[in-house]
Amino acid sequence: MLVDDIRNSRVLLMEILRAVGLNQVFEASDGAEALQFLRGQMVDIVMTDLAMSPLDGIDFVRLLRNAPDSPNPMLPVLMITGHLTVRRIGEARDAGVNEFLAKPITARGVLERLQLLIDQPRPFIRTMDYFGPDRRRRQDPRYVGPWRRATDVVARQPRSS
């Protein structure tokens, strides 16, 4: 499913997807329309723009992940944006976005991100203030123990040498 308020962006993405053989692609012009559509139709992946109105991509993902009436909280989401700042990436990541793609988009970039979503899905986790794909992308070989965050409450035991 493509979610973007700019029709030309949806057409470009549609052509890229059709060129690789994906023929059943649905469209929505904003997050509210996408949520309504998803309540009646199953899709495999959502590609959404970040900056839309009235419901932008980040709010759409928050609702998709956390709303009690969400049609599919674990649906993979690829966020496409021309506003690639550290702050906005953090907001989208914290909302539960799986992958990012910066504009201007290329066929290669779209296919690489789709391949990540399909071939290397990250497990979903739930904490008191987050539900979505695990935000950690790599394993730290130096880490030992069950807790990985500085804010985790755990009795730390000294390692034996």
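Contact here means heavy atoms within 4.5 Å, a cut-off to keep in mind for the close-up views below, which come from a predicted model.

Figure 1. Let us begin with one side chain and what surrounds it. Leu35 sits in helix α2 and has a relative accessible area of 6%. Because buried means under 20% relative accessible area, Leu35 counts as buried. Leaving aside residues up to four places away in sequence, Leu35 touches Leu55, Phe60, Leu63, Leu64 and Pro71.

**Figure 2. The overall layout of the protein.** Stepping back, the protein has five helices and seven strands. Of the 161 residues, 40% are buried. Take the contacts between residues at least 6 apart in sequence: 55% of them join residues at least 24 apart. The accessible surface of the protein is about 10,000 Å², and carbon and sulfur atoms account for 53% of that surface.

**Figure 3. Helix α2 beside helix α3.** Two packed helices are described by the angle between their axes and the distance between the axes. For α2 (residues 31-38) and α3, the axes come within 9 Å and cross at roughly 25°. Angles under 35 degrees count as roughly parallel, so α2 is roughly parallel to α3. Their crossing is right-handed. On the α2 side, the contact is made by Gly31, Ala34, Leu35 and Leu38, and on the α3 side by Phe60, Leu63 and Leu64. Sorted by class, this contact of α2 with α3 has six nonpolar residues, one polar residue and no charged residues. Leu35 from Figure 1 is one of the α2 residues in this contact.

**Figure 4. Helix α3 beside helix α4.** Now follow α3 to another helix partner. The axes of α3 and α4 come within 8 Å, with a crossing angle of roughly 15°. The two helices are therefore roughly parallel to each other, and α3 passes α4 in a left-handed crossing. From α3, the residues Ile58, Val61, Arg62 and Arg65 meet Arg88, Glu91, Ala92 and Ala95 of α4. By class, the residues of this contact of α3 with α4 divide into four nonpolar, no polar and four charged.

**Figure 5. The buried residues of helix α4.** Which residues of helix α4 (residues 86-95) are buried? They are Arg88, Gly90, Ala92 and Ala95. These buried residues pack against α3 (57-66), and also against the strands β4 (77-81), β5 (99-102) and β7 (131-133). Just after α4 comes Gly96, with a positive phi of about 115°.

**Figure 6. Two cis peptide bonds in loops.** Ser53 and Pro54 are joined by a cis peptide bond, with omega about 5°. Pro54 belongs to the loop between β3 (46-49) and α3. Where is Pro104 found? Pro104 is in the loop between β5 and α5 (107-119), and the bond that joins Lys103 to Pro104 is a cis peptide bond, with omega about 5°.

Notes: Residues are numbered from 1 along each chain as its sequence is written. This is a predicted model: local features need pLDDT of at least 70, side-chain atom pairs count only at pLDDT 80 or more; totals for chains, interfaces and linings use all residues. Side-chain values use heavy atoms; hydrogens and water are left out. Helices (H or I, at least four residues) and strands (E, at least two) are DSSP runs, numbered from the N terminus. Buried means under 20% relative accessible area, exposed over 50%, partly exposed in between (1.4 Å probe, protein chains only). Accessible areas come from the Shrake-Rupley method with a 1.4 Å probe; for residues, only the protein chains shown count as cover. Axes are lines fitted to C-alpha atoms, for helices over the stretch in contact, and angles run from 0 to 180 degrees between N-to-C directions. Angles under 35 degrees count as roughly parallel, over 145 as roughly antiparallel, 65 to 115 as roughly perpendicular and the rest as oblique. A crossing is left-handed if the near helix is turned anticlockwise from the far one by less than a right angle, and right-handed if clockwise. Ala, Val, Leu, Ile, Met, Phe, Trp, Tyr, Cys and Pro count as nonpolar, Asp, Glu, Lys and Arg as charged, and the others, Gly among them, as polar.
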